Amino acid sequence: MASSTLTGKLEADVDIKASPEQFHEMFAQKPHHVHHTCYDKIQGCDLHEGKWGKVGSIVHWSYVHDGKAKKAKEVVEAVDPDKNLITFRVIEGDLMEEYKSFVATILVSPKSEDSGSVVHWTLEYEKLHDGIAHPETLLQLVQDISKDIDAHLIQAN
């Protein structure tokens, strides 16, 4: 069993103007379009196996984190269009140099008081050792990406 100092969970909410369905569709059905919304952060996303938005599919991300070009190969672990939820597990790439496991879940819910949505990011991970930092800068990156995607979706309407 892993030490509690090695496992962690970070969460963040991002208020957006787009609908939950619009935002969810970008990660579930059109992740290869995400780089058009924030090329400074995401350089591309390719489907390696399966179909977009299907459990078991494997996608490959090229992104910039902390000023460095990075790669991540992820398997889609869960997709729930009714809840606008998708979960990715990293299986290869730069994150695996510091983490034994790394899972990102995106849940998009409608705001209760007015139009728009809330994107809830959850990063669950197990570090390889105590010298590895918690991924706070990665959490900030996904929040920034969420805002860029929202701006793109709003502009498109």
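A residue is called buried here when its relative accessible area is under 20%, exposed when it is over 50%, and partly exposed in between, using a 1.4 Å probe and protein chains only. Helices (H or I, at least four residues) and strands (E, at least two) are DSSP runs, numbered from the N terminus. This is a predicted model, so local features need pLDDT of at least 70 and side-chain atom pairs count only at pLDDT 80 or more, while totals for chains, interfaces and linings use all residues. Residues are numbered from 1 along each chain as its sequence is written, and side-chain values use heavy atoms, with hydrogens and water left out.

Start with α3 (136-156). Its buried residues include L138, L141, V142, I145, I149 and L153, along with Q143, S146 and D150.

Now the holes. On a 1 Å grid over the protein atoms alone, a cavity is a set of points where a 1.4 Å probe fits but cannot get out; a pocket is an open set with protein on both sides within 12 Å along at least five of seven lines, and lining residues have an atom within 4 Å of a point. Grid points are joined across faces, edges and corners, and a volume is the space filled by probe spheres set on the points. For the lining classes, Ala, Val, Leu, Ile, Met, Phe, Trp, Tyr, Cys and Pro count as nonpolar, Asp, Glu, Lys and Arg as charged, and the others, Gly among them, as polar.

| Space | Volume | Lining by class |
|---|---|---|
| Largest pocket | about 230 Å³ | seven nonpolar, three polar, five charged |
| Largest cavity | about 290 Å³ | 17 nonpolar, no polar, one charged |
| Second largest cavity | about 40 Å³ | eight nonpolar, two polar, one charged |

Searching the whole structure turns up two cavities of 30 Å³ or more. Around the largest cavity there are 18 lining residues, with W61, E74, W121, L138 and V142 closest to its centre. α3 gives the most to that lining, four residues. The largest pocket also draws its largest share from α3, this time three residues, and H65, D66, E98, Y99 and T137 lie nearest its centre. As for the second largest cavity, α1 and β5 each supply at least two lining residues; F27, V76, I86 and F88 are among those around it.

How do the strands β4 and β5 pair? They run antiparallel over eight bridges, where pairing takes at least two DSSP bridges between two strands. A72 stands opposite G93 in β5. The two strands form a hairpin with four residues between them, and N84 in the turn has a positive phi of about 55 degrees. N84 is buried at 6% and touches P20, E21, H24, I106, L107 and V108, leaving out residues up to four places away in sequence (contact means heavy atoms within 4.5 Å). Next along, β5 pairs with β6 (99-110), also antiparallel, over five bridges, and I86 stands opposite I106 there.

Last stop: F23, in α1 (20-28). Is F23 buried or exposed? With 0% relative accessibility, F23 counts as buried. Its contacts, with the sequence neighbours up to four places away left out, are I16, I106, V108, V119, S146, I149 and L153.
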